[in-house]
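Dear colleague,

Please find below the structure that I am handing over to you.

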Amino acid sequence: MSPLSAPPPFRNPLAEQRADPHITRHADGRYHFTASVPSYDRIVLRSSRTLAGLASAEESVVWTRHASGDMGAHIWAPELHRADGAWYIHFAAAPADDVWRIRMWVLENTHPDPHRGTWIEKGRIVTAWDTFSLDAHTFTHRGDRYLAWAQREPGTDSGTAIFLSRMADPWTLTGPQVRLSAPEYAWERVGFAVNEGPAVLRRNGRVFMTYSASATDANYCMGLLTADDTSDLMDPASWVKSPEPVFAGCAEAGQYGPGHNSFTVAEDGRTDVLVYHARPYERIEGDPLRDPNRHTRVQPFGWRADGTPDFGTPVRT
């Protein structure tokens, strides 16, 4: 029985009211989980020896928004990564008195355990334009560190597009910053013209970058960019964009607006796992960003004969 046809081995939702989920498995086998909280005012962290254990793991607050000034509002989409012997959290935040002036920021902790030690504010990630930017995702490939993120490009009608840059260190971009994808298809422009939430997966001689598109309601869904493993990732021509969503809501499963995903691997070290959020209902009253019920979900996924990922559809709770 394939992972796509087998009953889901994980409890879903894994974490209620936790959006934009990011799970990383450290070299010691321990899983670390962080996500946006509905109040958008702090960064939380859970850790466990198993994926399922994250559901009941004690949640600690590792950083809280400033009462005034920078990093005072809209604390969104944290990601935890290990790099150069330290832990880093990349996240989005806005000034307390200008809550839509959202930019990307970085925290550093040199303690081996991210729940301990001190989180130091390394500052803002400076991009080519001082515009709305968020969803920083860092990864390494062939010895280089990269940052993929979403940003509003001046002079365009897009809400956000996906950009890529090399990094000098986990908080500093270096060299050119290139646009890989802008919302061009109808399914990327429902409610808002948005590409955001990039996440990278490397398999089968290729680099895959998922992203999320459209408004954060039931129309939210995932797209896919693909590049050859040996290509120049900084050349937009190296990337091929899938013309249809690769993961979308499923009324039969009762899950709507899946997206802002990350990737991890199960305890066997082989089974690839998709981490995402979704809501258990379609209709939302008011602003979707104020609806708290984007729940973190996990499910295994497989691979097609051509070497591309097959995410299937959201599993039933």
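The notes that follow cover a sheet, the aromatic pairs and the charges over rings.

This is a predicted model, in which local features need pLDDT of at least 70 and side-chain atom pairs count only at pLDDT 80 or more, while totals for chains, interfaces and linings use all residues. Residues are numbered from 1 along each chain as its sequence is written, and side-chain values use heavy atoms, with hydrogens and water left out.

To begin with the sheet: four strands, in the order β1-β2-β3-β4, form an open sheet with antiparallel pairing. Strands here are DSSP runs (E, at least two residues), numbered from the N terminus, and two of them pair if DSSP finds at least two bridges between them. At the edges are β1 (19-25) and β4 (60-64), each of which pairs on one side only. From one strand to the next, the twist averages 25°; the axes behind such angles are lines fitted to C-alpha atoms, and the angles run from 0 to 180 degrees between N-to-C directions. Within this sheet, β2 (residues 31-36) and β3 (residues 42-48) run antiparallel and are joined by 3 bridges. His32 stands opposite Ser47 in β3.

Turning to the aromatic rings, rings of Phe, Tyr and Trp (its six-membered ring) pair if their centres lie within 6.5 Å; planes under 30 degrees apart count as stacked, over 60 as edge-to-face and the rest as tilted. The count by this rule is 14 aromatic pairs. One of them is edge-to-face: Trp76 and Trp100, at 6.1 Å centre to centre with 65° between the planes. Trp76 lies in strand β5 (residues 73-83) and Trp100 in the loop between β6 (86-94) and β7 (103-109), 24 residues apart. Trp76 counts as buried, because its relative accessibility is 9%, under the limit of 20%; exposed means over 50%, and partly exposed lies in between (1.4 Å probe, protein chains only). Trp100, at 47%, is partly exposed.

Phe208 and Trp303 form a tilted pair, since their ring centres are 5.8 Å apart and their planes stand at 50°. Phe208 is buried at 1%, whereas Trp303 is partly exposed at 28%. Ring pairs also link both residues with Phe263, Phe301 and Phe311 into a cluster.

Finally, the charged end of Lys122 sits over the ring of Trp171, 4.3 Å from its centre; this requires NZ of Lys or CZ of Arg within 6 Å of the ring centre and within 35 degrees of the ring normal. Arg152 lies over the face of Phe132, 4.9 Å from the ring centre.

Yours sincerely
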